[in-house]
Amino acid sequence: MNKFATKSKKINYLIWSILLIFVYILSLIIFDGNHIWMSFTVQIATIIVTYLYVEINKTKIIIGFINIILPLITLLWVPSLFFEGYSYRLIWIYLLMVPLLYVITCLLHSRKHIFYLILLIFPVITSFLILPNVISYSLSLDIKKGTQFPNIKFVDNNRKSFKIENDKIILFDFWSTKCGICYEKFPDLERLYLKYKDNKDVQIYSVHVPYPQDNFSSTLELIEKLNYKFPTLFAVSKNETMEKLNFNSFPYYIIIQNNKIVYSGFFETDEGIIVGNTEREIDRLLEINK
């Protein structure tokens, strides 16, 4: 009987240990790598799982932390030991908020009115307001403003070389056919293009960055099918483009003027994005050039 009870207890701990990992992986699949919604989902799950764990097990905070939080934190942190250049830009929100919400929920789970307030406020503010601004800011640090735009070969849909006009404010939105978020951002890019298309000082392009398995003709057919009005350029080499511009995720945008980089970051036009809002950056440059 004791052996059976011990075995059941181990199974019980195993179930708690994989719950948040399961939620993280499931949200990764459902939201196609969109960490804003992933963060929101994982934070809500952390609060609920912690609340249930405390109610059912009545154990000390440290024991629950080992069973619930540590497995997910380990899963997210361990890759940094093996992959050079592993970025905490997107996972810091989990490393910070998951343990914090666990502790807060443990301390306040019996005070229902405060608990529900936490459930509503923390995940919303951190996921939809703080996270996008931090990502946008951190991406803007990848390339120092004022540096020369590197010599990268782009071609148009006829495979003719594209020549940069130095006197223009030019926005390049880099994307890949493997990037689900990129497609979600295209309507924003279209709106931005339509706003500035008659402004002789601004040019806006999407730039497709090819993976080895991509076919130029197939990509061109996809773009024609999407039927957006903004023009699309094609980077000739994925490695050259991403290495010279020092980015490793899509969508990524760069604004250049006089062949110098004046801004770089994650393409964002939402009003909630204060730092690195793409539309505001263009308007700021236009105001300076008056």
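**Cysteines and overall build**

Cys182 is buried, at a relative accessible area of 1%, where buried means under 20% relative accessible area, exposed over 50% and partly exposed in between, with a 1.4 Å probe and protein chains only. The model is predicted: local features need pLDDT of at least 70, side-chain atom pairs count only at pLDDT 80 or more, and totals for chains, interfaces and linings use all residues. Residues are numbered from 1 along each chain as its sequence is written, and side-chain values use heavy atoms, leaving out hydrogens and water.

**Disulfide**
- The structure holds one disulfide, defined as a pair of cysteine sulfur atoms within 2.5 Å.
- Cys179 and Cys182 are the residues joined, with an S to S distance of 2.3 Å.
- This link between Cys179 and Cys182 is right-handed, with 95° about the S-S bond.

**Burial of cysteines**
- Cys179 is buried, with a relative accessible area of 10%.
- Cys106 also counts as buried, at 10% relative accessibility.

**Whole chain**
- The protein chain contains 10 helices and six strands; these are DSSP runs numbered from the N terminus, helices being H or I of at least four residues and strands E of at least two.
- Buried residues make up 47% of the 290 residues of the protein chain.
- Among contacts (heavy atoms within 4.5 Å) between residues at least 6 apart in sequence in the protein chain, 73% join residues at least 24 apart.
- The protein chain has an accessible surface of about 15700 Å², and 62% of that surface belongs to carbon and sulfur atoms; accessible areas come from the Shrake-Rupley method with a 1.4 Å probe, and for residues only the protein chains shown count as cover.
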